[in-house]
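Me: I am new to this structure. Could you take me through it in questions and answers?

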Amino acid sequence: MTNIGAGGAAPSLIRASLSRTGKWAGSVAFIGGAVSDILNPLAPFAAYIALIAAVAAIIIAIAIVLRLVLAARALPALIFATTAAAVAGGVYGLQQQTNAQNGVIASLVPAIAGLQQSMGIVTEKVAKIEQTVTQTQKTVEQVKQSTDTVAKKTDEIASAQQQQTQQTAEVQKTTEEVKKQTEKLQETTQQIAASIDTIARGFAALAAQGGAIAEPKRPDEFYHNARVYELSGDMLNARRSYLAFAGFDVDAIDPYTRFATLLRVQDGKAGAREVFGALADKGKALSIKLVHIQQFDDAQRVDKLNAFISANPDFAPAYFLLAQEFSEDRLGAQTLADKRNEAKALTKFTSYEKDGGLLTYFVDQTQLADWLDRSRSRLAALGDVLDPARFVPSLTPMRSNQGWSMTISLPEPATAISWRMGDSGPFTDTGFLAMNDQTTGKPMANPSFEMPDSTVAGIIAIKYLDIRGRETGPFDIRFDPEAALQQGNKQILDQFWTSWIAFDASGNHGLVYFTQMLSYRCAIKQVHYSLNGAALDKEIKMPRCDKKDPYAIPYDYQPYFKVADSVKSMSVQVTYTDGTKSPVREYKRQ
């Protein structure tokens with residue numbers, strides 16, 4: 001291997017290499033530097049080349065020193081690398097010194113600048129491609145996110161469908177359970193009915209025998225003993241027997257109503273309420289809970305009773321007890337609303353009598369018979385109180401020369417009355433009369449009010465407060481002034497027909513007066529008459545009805561006509577504006 005450091009051989013070797021390699025290495029390095037300068041807008045290629053060439057020269061030099069390669073072969077490469085690093089480094093240094101972003105050559109040669117612009121177009125296209133790639137990547141990411149969202153929604157829908165399927169299965173399961181419970185309840189109801197029927201028959205047999213049972217064990221025996229002790233005045237043993245019966249939780253109404261009566265006599269209503277409250281907490285029988293409600297006071301009792309009926313709409317005895325809350329015996333004086341509530345409840349109670357529907361609630365059938373008799377008697381007395389067309393207010397209009405006087409007829413006593421013309425607006429109170437109502441003990445509500453003669457046809461609404469202060473109404477009543485005037489006049493003419501004709505009135509011999517018919521002519525269409533017979537062959541012509549002043553007689557009209565002394569009688573018949581005719585009335589001349 002040749003040693004680079006030996007004698008004078010090394011310098012001569014270097015000179016020989018420079019002579020052979022230097023020319024082309026310098027040319028190539030120069031061209032590379034020029035190209036890197038031109039391409040500077042794209043990247044600092046001169047710096048890259050200088051760095052790479054310098055590293056290569058160092059590596060080659062180390063390899064030669066360490067004799068890893070033959071110097072004769074490596075020197076050309078070392079010279080080329082050194083030259084390239086020097087040229088490229090020089091170009092990069094000039095670029096930095098002159099701040100030539102587009103390269104030193106481009107700043108000196110315009111043609112090179114044009115070449116760079118062409119290269120810039122390529123760069124712009126590359127940038128657009130890169131931008132498109134970036135946008136595509138974003139779109140792909142969005143599509144991926146949308147896909148994830150769709151997948152998530154799909155999973156949610158699948159989960160919801162699964163839940164719905166589960167819920168449907170649960171509903172079906174619940175329906176089956178309800179069906180089974182209903183069947184079980186029906187079976188239980190039948191068993192209870194059979195049980196109460198057995199108890200009732202046992203009670204009836206014991207009642208026929210008489211006397212207390214020495215060692216009672218069955219419900220009917222305890223109930224029988226309770227009645228025997230109660231009738232004999234032994235209230236302590238009666239109470240014990242009733243409590244023993246209640247321990248069987250039999251759902252029959254009559255034992256508990258009788259027990260409650262005994263408790264109220266001994267302990268008062270509060271004591272009875274306490275005892276039945278404890279029984280209701282321990283037992284399940286609805287009859288005990290119902291009788292417990294009966295031990296509360298007035299309005300609270302009614303509210304609880306209505307709540308019980310809402311929860312147990314087919315428990316028949318509750319309707320009889322509800323009817324008692326509105327009865328005359330309980331209230332004294334009944335309002336129309338009280339009567340309707342009583343009748344409605346009793347009608348509901350008696351409707352269960354069909355097919356023996358009430359037998360399952362009574363041990364003592366005599367108690368059921370008593371309830372039914374009382375119900376039928378009260379329904380007969382109440383009559384058609386449930387008919388909505390009956391028992392409504394009415395108006396009687398009366399026309400005067402000043403206007404209308406309206407008299408209200410109510411189906412029951414009232415503590416206040418008000419009216420309104422039309423479908424909307426406030427109501428006007430009629431006020432009070434200067435006297436007390438004997439029914440209520442309060443000032444009597446005024447049953448009338450006035451309206452002007454200019455009132456047109458329309459609806460008059462009437463409402464009132466009953467004796468318990470409950471508002472009733474409003475009731476809409478149609479008012480037609482023309483028809484009311486005719487009807488009012490007709491009523492007066494029919495009522496006072498003996499005043500239609502007057503012979504020789506006030507000493508005016510030979511004259512027949514018909515002043516009354518003339519005053520109420522607004523109800524008259526025609527008046528036919530005859531003298532000394534009933535031929536009705538003549539007619540009295542009436543003047544036109546003046547609706548603004550209906551009772552005034554025109555100043556140019558004579559309310560009489562002359563007759564001869566031979567006329568002894570006159571027959572008259574009036575045809576009214578509604579088409580009806582009066583009987584033929586006969587008037588004798590005195």
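Me: What should I know about the numbering and the values before starting?
Reply: This is a predicted model, in which local features need pLDDT of at least 70 and side-chain atom pairs count only at pLDDT 80 or more, while totals for chains, interfaces and linings use all residues. Side-chain values use heavy atoms, with hydrogens and water left out, and residues are numbered from 1 along each chain as its sequence is written.

Me: What pLDDT does the protein average?
Reply: pLDDT is the predictor's confidence in each residue, from 0 to 100. A score of at least 70 is reached by 78% of the residues, and the protein's average is 83.

Me: How many contacts beyond four places in sequence does the model have for residues 121-126?
Reply: Contact means heavy atoms within 4.5 Å. Residues 1-8 have pLDDT under 50 and seven contacts beyond four places in sequence. For residues 121-126, where pLDDT also stays under 50, the number is one.

Me: Which residues touch the most other members of the largest nonpolar core?
Reply: A nonpolar core is a set of buried Ala, Val, Leu, Ile, Met, Phe, Trp, Tyr and Cys residues joined through side-chain atoms within 4.5 Å. Buried means under 20% relative accessible area, exposed over 50%, and partly exposed in between (1.4 Å probe, protein chains only). The largest core has 51 residues, and those touching the most other members are Tyr256, Phe276 and Leu290.

Me: Which helix gives the largest share of this core?
Reply: Helices (H or I, at least four residues) and strands (E, at least two) are DSSP runs, numbered from the N terminus. The largest share is 11 residues, and these come from helix α8, residues 253-282.

Me: How many residues are in the other core, which lies apart from the largest one?
Reply: Its members include Met406, Met451, Ile462 and Tyr551. The count for this core is 24 residues.

Me: Is histidine 224 buried or exposed?
Reply: Histidine 224 sits in helix α6, residues 219-232. Leaving out residues up to four places away in sequence, histidine 224 touches Phe203, Leu206, Ala207, Gly210, Gly211, Ala212 and Ile213. Its relative accessible area is 4%, so histidine 224 is buried.

Me: In what order do the four strands of the open sheet lie?
Reply: Two strands pair if DSSP finds at least two bridges between them. The edge strands, each pairing on one side only, are β4 (428-429) and β9 (471-479). The pairing is antiparallel, and the order is β4-β3-β8-β9.

Me: How many bridges join β8 and β9?
Reply: Strand β3 (residues 416-421) is joined to β4 by two bridges, and β3 to β8 by six. The antiparallel pairing of β8 and β9 runs over seven bridges.

Me: How many of the eight residues of strand β8 are buried?
Reply: Strand β8 covers residues 458-465 and is mostly covered. Tyrosine 464 in β8 stands opposite isoleucine 417. Of the eight residues in β8, the buried ones number six.

Me: How many residues apart in sequence are the parts tied together by cysteine 522 and cysteine 545?
Reply: A disulfide is a pair of cysteine sulfur atoms within 2.5 Å. Cysteine 522 and cysteine 545 form one, with their sulfur atoms 1.8 Å apart. Cysteine 522 lies in the loop between α16 (515-519) and β12 (524-531) and cysteine 545 in the loop between β13 (538-539) and β14 (560-562), so the separation of the parts they tie together is 23 residues.

Me: Is the link of cysteine 522 and cysteine 545 right-handed or left-handed?
Reply: Cysteine 522 has a relative accessible area of 4%, so this residue is buried. The angle about the S-S bond is 85°, and the link is right-handed.

Me: Is the peptide bond from glycine 473 to proline 474 cis or trans?
Reply: Proline 474 belongs to strand β9. Omega for the bond from glycine 473 to proline 474 is near 5°, and the bond is cis.

Me: What is the phi of aspartate 504?
Reply: Aspartate 504 is located in the loop between β10 (502-503) and β11 (511-513). Its relative accessibility is 19%, so aspartate 504 counts as buried. Phi of aspartate 504 is positive in a residue other than glycine, with a value near 50°.
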